[in-house]
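Subject: Structure handover

Hello,

I am passing a structure on to you. Please open it first, then read the notes below alongside it.

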Amino acid sequence: MLLLAVFCCLLHTLLVPSSAQSDSNQPVIQLRLAGEKKKHYEGRVEVFYNGEWGTVCDDDFSIYAAQVVCRELGFTGAESWLPSAKYGKGEGRIWLDNVHCTGSEKSLAHCESNGFGVSDCKHSEDVSVVCSSKRIPGFKFIRNQGLTVQVEEVRIRATYSHRKRIPITEGFLEVKDGGKWRQICNEDWNQMNSRVICGMQGFPGEKRFNTRPYKLLASRRKKNYWGFSINCTGNEADLSDCKLGREIEKKGNSTCGKGMPVVVSCVPGRVFAPSVSIGFRKAYRVEQPLVRLRGGAMIGEGRVEVLKNGEWGTVCDDNWNIRTATVVCRELGFGSAKEALTGARMGQGIGPVHMNEVECSGFEKSLTECYFNPNSLGCSHEEDAAVKCNVPAMGFHNRLRLSGGRNPYEGRVEVLGERNGSLVWGTVCSDSWGTMEAMVVCRQLGLGFASNAFQETWYWQGDSSADAVVMSGVRCSGTELTLEQCLHHGKHVVCPKGGGRFAAGVSCTMTAPDLVLNAQVVEQTTYLEDRPMYALQCAHEERCLSGSADKADPSSYRRLLRFSSQIHNNGQSDFRPRASPQSWVWHDCHRHYHSMEVFTHYDLMSLNGTKVAEGHKASFCLEDTYCDEGIQKRYECANFGAQGITVGCWDTYRHDIDCQWIDITDVKPGDYILQVKLKKNSGAWDCTLERSTFKQTQFNTEVFSHKESAPE
């Protein structure tokens, strides 16, 4: 009986090979993601087999096959797959066709297919995948010289004396592979490699450093070298786009005998540069840039806009890729691009599309130096390009938190402040607390835009040990990276209301409306009108005339600078008045309700920036006057309907409506700047300024040209 059992066991082993035996019979392949990528974890699937790179046909491909591909590349899984050469056509052989995977295979080579090299496809059918950005912890990569670099993580490890500096810009380079941090031998290291590493860490460039202290430290430390060198050209956005160099021979303590571990030193962008005197640079007013980002919820992301002939315009997404996006990011003081976004993912701009079919080498100082096709027409704002950039790890979120909210996006604001010589959590005084301050809080925590600023938070039960006020007198411009960078009282806290129920609070959102004035409409519709006082009684009642009108004779005339305003919503959510219809204010003279008492503010400035006259416009009717093609109107004021501006639509206040003017009766003839500011729901002014230059004479106004300034 025992003999029979052994015989049966042997027979089973011969008839059914084990999985290990089965795996050993499969061809060994390696994969990479190639093509016109928008981020480093997506691209055309390419297979290295029999000494040659080739592609995979999209016939019968599925999300299960994409999962196998992404896991084989060291990612946790796949988000999607794309047919028809979405990342460009490959070259060479089409190695695999009619691939069928269950999703559990360890390699794409283990999936059923027609066999290697058996295909009736063309490269127009090359398949692509989008993987999860997360890496598999401790993943063991198969490597051969000439393939791309694949590691779990990359970091710059500062020396002990530099670890308290934020951001960390210099130190030993380490890569995480197989769950362990390892150094790289610097024998084959070059400046282009450092440039790529700095870009990944959020820095626009690299710089020289003093090697002596690092040589001394390296001689005293135990080293664990990574097994390969790295070859980057310098225009890569991520280390995974660089090629593996030669294999490093492991000789114990003698490994990298002619060198030492790689050290990288990076140059931070101006906004992130540490300052000895104040820890971080305060918010600053920059010179007029040629490129800017708009519409992004986080710092370092947004729709790309370019200044040309005094007018801001957008960039078309034709040929838009991560290399070109990286040029934009570095130009603006960030690192390389994490993602190149297409299809107006950060909202649609207005005005002209200045650049199309942009191609960059990756080494340009500005996007304006890149080649583009000036003759390419027909690109709409539905194709506006955008970017997400790598930014330095500043640790700002560790000094601020929201407490007591119903979700992570709202709550009482609590800061880590100094009290009696130690750091404690406490609240922020709500005196003067508004949208600008809330914007900074949401940005600092990485929670996007501010949707509300609260001066009472009794309904949010925060940490009772953090009730005491540790910060007061906070005034922000909206450009600061942290609440500490805003003006505040410092150590001398003054808060008559106290903390607790009167502590400051916020609610944040990842999408928001983005109201933009069409400055060209202002220019084209501006004119002067002399109007008698007896015809301006309602406007006078609503304070739409200058102060001298209070004593003016009813038969006298007021000189009005009139113009139309067209407000576009280029954001990612509809704009709605904060107040509910039940709380709107009725104005008997004009016979209508005001959903917002002041919606736009008009300032007339001298050329040196002094305000000489002002006006304002209440929103008695916010509605979708017109919309982009394909967008349905949602808001209409008729019959006391809902008010607002839909994404992709605009509201127009015509020049012949009351209060759509500035009273310039008391202004001397000369050259002035007209500044229009849009007001947010909660009372803070939007940072977007649109200015037009005009010349006033005794009888008429001549509009010269459109002019803009950097955000205030």
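Start with one pair of cysteines: Cys-476 is buried, and Cys-486 is buried too. Bear in mind that this is a predicted model.

**Disulfides**

Cys-476 and Cys-486 are bonded to each other, with their sulfur atoms 2.0 Å apart. Their link is right-handed, at 105° about the S-S bond.

Two others are worth a look here.

Take Cys-232 and Cys-242. A disulfide joins them, S to S 2.1 Å. The torsion about their S-S bond is about 110°, so this disulfide is right-handed. Cys-232 and Cys-242 both lie in the loop between strand S11 (228-231) and strand S12 (243-247), so the pair connects parts 10 residues apart in sequence. Cys-232 has 8% relative accessibility and counts as buried. Cys-242 is buried as well, with a relative accessible area of 0%.

Now Cys-57 and Cys-121. Their sulfur atoms are 2.0 Å apart, and they form a disulfide. The torsion about the S-S bond is -70°, and the link is left-handed. This pair links distant parts of the chain, 64 residues apart. Cys-57 is in the loop between strand S3 (52-56) and helix H3 (63-72). Cys-121 is in the loop between strand S5 (93-96) and strand S6 (128-131). Both cysteines are buried.

**Helix H6**

Next, go to helix H6, residues 322-331. Why is H6 described as largely enclosed by the rest of the structure? Because 8 of its 10 residues are buried. These are Ile-322, Thr-324, Ala-325, Thr-326, Val-327, Val-328, Cys-329 and Arg-330.

What do the buried residues of H6 pack against? One partner is a helix, H4 (191-200). The others are strands: S10 (205-206), S16 (291-294), S17 (301-308), S19 (337-341) and S21 (386-389).

At its start, a side-chain oxygen of Asn-321 comes to within 3.2 Å of the backbone nitrogen of Arg-323. Just after H6, Gly-333 has a positive phi of about 90°.

Those are the notes. Over to you.

Best wishes

Technical notes. Residues are numbered from 1 along each chain as its sequence is written. This is a predicted model: local features need pLDDT of at least 70, side-chain atom pairs count only at pLDDT 80 or more; totals for chains, interfaces and linings use all residues. Side-chain values use heavy atoms; hydrogens and water are left out. Buried means under 20% relative accessible area, exposed over 50%, partly exposed in between (1.4 Å probe, protein chains only). Helices (H or I, at least four residues) and strands (E, at least two) are DSSP runs, numbered from the N terminus. Contact means heavy atoms within 4.5 Å. A polar contact is a pair of N or O atoms within 3.5 Å; within protein, one must be able to donate a hydrogen and the other to accept it, and residues adjacent in sequence count only if both atoms are side-chain atoms. A disulfide is a pair of cysteine sulfur atoms within 2.5 Å.
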